[in-house]
Amino acid sequence: MDRNYTKIWWQHCLAIVGFSVIPLLIVNLLLYALYNRIYTEKVSENLLNRVEARRDTLDLFLRERVAQIYTVANTNKVDDLNNEAYLGQVFATMHAKSDSYVDVGIIDKEGNHIAYVGPYYDALKTANYKNEPWFDAVMSQGVFISDIFMGYRHYPHFIIAVLIRENGGTWILRLTINLKNLDDIVQKAWLGELSDAFIINNVNKLQTLPRFGGEYLSSPIFMGFAREANSRHIPYPNFSSTVKTRVERMSIQGHDVFIGAATVRSNSWVLVVKESPDEILSPLAQGRNWMIFFTSLGLFVICTGAALFTNALINRIKETDRENAASSDMLLQANKMIALSKMAAGIAHEVNNPLASIAENAGWMKDLLAEEDLSKSPNFEEFDKAVDKIEQHVARARKIIHNLLGFARRMEPAKEKINVNNLLDETTGFLENEALYVNINIEKDYADDVPVITSDLSQIQQVVLNLLNNAFDAVGSNGVITVSSRYLAKSDEVEISIADTGKGMTEAEVNKIFDPFFTTKEVGKGTGLGLSISYSIIEKLGGKIKVQSTLGKGTVFTILLPKH
């Protein structure tokens, strides 16, 4: 049976790879998806906690400033605070404990600066704040923390102001806060090289300077992950309406970012913190890379193992197919031998009777030629030669019939101990003189570990002798015949090999060599039964006989005999 081994190889290999790799990929993808979800949730939770912690720090800073201003307002008389010298001493005391303040001033209910201490004395001493938005807010609320604004000093700043009521009068104590302190608090949220943080008010204007682009009182812009001169100014999503702390993962113009937002309780500000997934999810990326590496390694191992296993399997299938083909050929040959042996027995018995009659009449004719005075007949020699040829061909026919009967006879083989090497020596000894005469060298290559076997000595000797005769005929003269023996421990068999350097045979001849009446010898020199009979004998003894031949190089016959 012809098989497409390449197709079988691919089918089997792909089946192994498919059933191995697909579950591996599914499990790895599910595990990675689970790990990605859990890790992303954990990162979001950590960012949420960090945003809230930084927001609480801002709240604490502002509450401390408000409390300090309240303390000053409630522990000092307005008349004393209206004295700039006294106010300067109070401010110096406050500034000594904290660098959070830029200046301080007392403002009456008409918005006029009564007293001022700070670096902008000339610009602010005569300023009137009655029309400023923060003035009405302080008057109505009692305490107010402003957004960042430019004011009379034309420089971004923000104030904390408290209302003072004393002796039926109303005044405002106002302090300007150092923006650097606010920026420092926010910038401590910059954990990675790509992170950013800033504060916006309720109309989405910057109250602190972002790390990557933007100015005070402008809308926040997204400039990628670096200060690039040619970066596109992309507006941030508006988080000014944030009420509850939140963390979102979003895409801004193709950039994947995490953004957390939290409302500052002391006023209407919103703290915004931006993180890059490349940084906060770097362990996840490393895990993904390791997963890809080990998955690729596993895929390589599986494919390599599948290929090696499939190669071994295909080689085994090929070997099995060869063995099956050989067994089929041997079974076919055996069946042919059985059918032919039955036919040969019938033919032999049918032909023997006429041969006997021909031989008897030929003898009678011989006697007549001897008794009668026919020597003077001009045809005497022809008669004599004709009778001789009749007897000669009758003898030859009887020999063929004898071989046929031997071929057809199913005798039980004898069981005796046989030293194979001695048997080969004795058999080759029969032909040593003939080999010497035609200049054929018989080489012997016997293994020392060949055991004694139990079989039929005479029948084995008959087969070996027949193979040697065939080898002599194939070589003709000036050649080499090698007789060897080996012990095959794996199969517990003895191997006898007879190789010649004769003319060899074609593949077609090799396929028919054991067929009855098939011969490669010249007409009249072979009956074509020798190898058929040898095949039958070896088969009866439980062995095998094989042939290998190369045209122009020679032929090797191999006999395999069981030890028992």
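1. The side chain of Arg65 makes a polar contact with the side chain of Tyr101, at 3.3 Å. A polar contact is a pair of N or O atoms within 3.5 Å; within protein, one must be able to donate a hydrogen and the other to accept it, and residues adjacent in sequence count only if both atoms are side-chain atoms. Arg65 belongs to helix α1 (residues 5-75) and is buried, with a relative accessible area of 8%. Buried means under 20% relative accessible area, exposed over 50%, and partly exposed in between (1.4 Å probe, protein chains only). With neighbours within four places in sequence left aside, Arg65 is in contact with Ser98, Ser100, Tyr101 and Ile160, where contact means heavy atoms within 4.5 Å.

2. On the basis of the note: this is a predicted model, in which local features need pLDDT of at least 70 and side-chain atom pairs count only at pLDDT 80 or more, while totals for chains, interfaces and linings use all residues. Residues are numbered from 1 along each chain as its sequence is written, and side-chain values use heavy atoms, with hydrogens and water left out.

3. For the chain as a whole, the secondary structure comes to 14 helices and 18 strands. Helices (H or I, at least four residues) and strands (E, at least two) are DSSP runs, numbered from the N terminus. Buried residues make up 41% of the 564 residues in the protein chain. Among contacts between residues at least 6 apart in sequence, 61% join residues at least 24 apart.

4. Thr295 lies in helix α8 (residues 282-371) and, at 13% relative accessibility, counts as buried. Its side chain makes a polar contact with the side chain of Asn28, at 2.6 Å. Apart from neighbours within four places in sequence, Thr295 is in contact with Leu24, Leu25 and Asn28.

5. Which elements do the buried residues of α6 pack against? They pack against α1, β4 (158-166), β5 (169-177), β6 (196-200) and β11 (270-275). The buried residues in this helix (residues 179-187) include Leu179, Leu182, Ile185 and Val186, with Asn181 and Asp183 also among them. At the start of α6, a side-chain oxygen of Asn178 reaches to within 3.0 Å of the backbone nitrogen of Lys180.

6. Helix α10 (residues 420-429) packs with helix α12 (residues 457-475) at an angle of about 50 degrees, their axes 10 Å apart. Axes are lines fitted to C-alpha atoms, for helices over the stretch in contact, and angles run from 0 to 180 degrees between N-to-C directions. The two helices are therefore oblique to each other; angles under 35 degrees count as roughly parallel, over 145 as roughly antiparallel, 65 to 115 as roughly perpendicular and the rest as oblique. α10 passes α12 in a right-handed crossing. A crossing is left-handed if the near helix is turned anticlockwise from the far one by less than a right angle, and right-handed if clockwise. Leu423, Leu424, Glu426, Thr427 and Thr428 of α10 meet Leu457, Ile460, Gln461, Val464, Leu465 and Leu468 of α12. By class, this contact has 7 nonpolar, 3 polar and 1 charged residues. Ala, Val, Leu, Ile, Met, Phe, Trp, Tyr, Cys and Pro count as nonpolar, Asp, Glu, Lys and Arg as charged, and the others, Gly among them, as polar.

7. α12 also packs with helix α14 (residues 530-540), at an angle of about 150 degrees and with axes 10 Å apart. Here the crossing is left-handed. From α12, the residues Gln459, Gln462, Val463, Asn466, Leu467 and Asn470 meet Gly530, Leu531, Ile533, Ser534, Ile537 and Ile538 of α14. This contact divides into 6 nonpolar, 6 polar and no charged residues.

8. Most residues other than glycine have a negative phi. Asn439, however, has a positive phi of about 60 degrees although it is not a glycine. Asn439 lies in the loop between α11 (432-437) and β13 (440-446) and is partly exposed, at 49% relative accessibility. Phi of Asn478 is likewise positive, near 55 degrees. Asn478 is in the loop between α12 and β15 and counts as exposed, at 57% relative accessibility.

9. Finally, Ser491 lies in the loop between β15 (479-488) and β16 (493-500). Its side chain makes a polar contact with the side chain of Glu493, at 3.0 Å. The C-alpha atoms of Ser491 and Pro562 are separated by 8.4 Å, although the two residues are 71 residues apart along the chain. Ser491 is partly exposed, with a relative accessible area of 39%.
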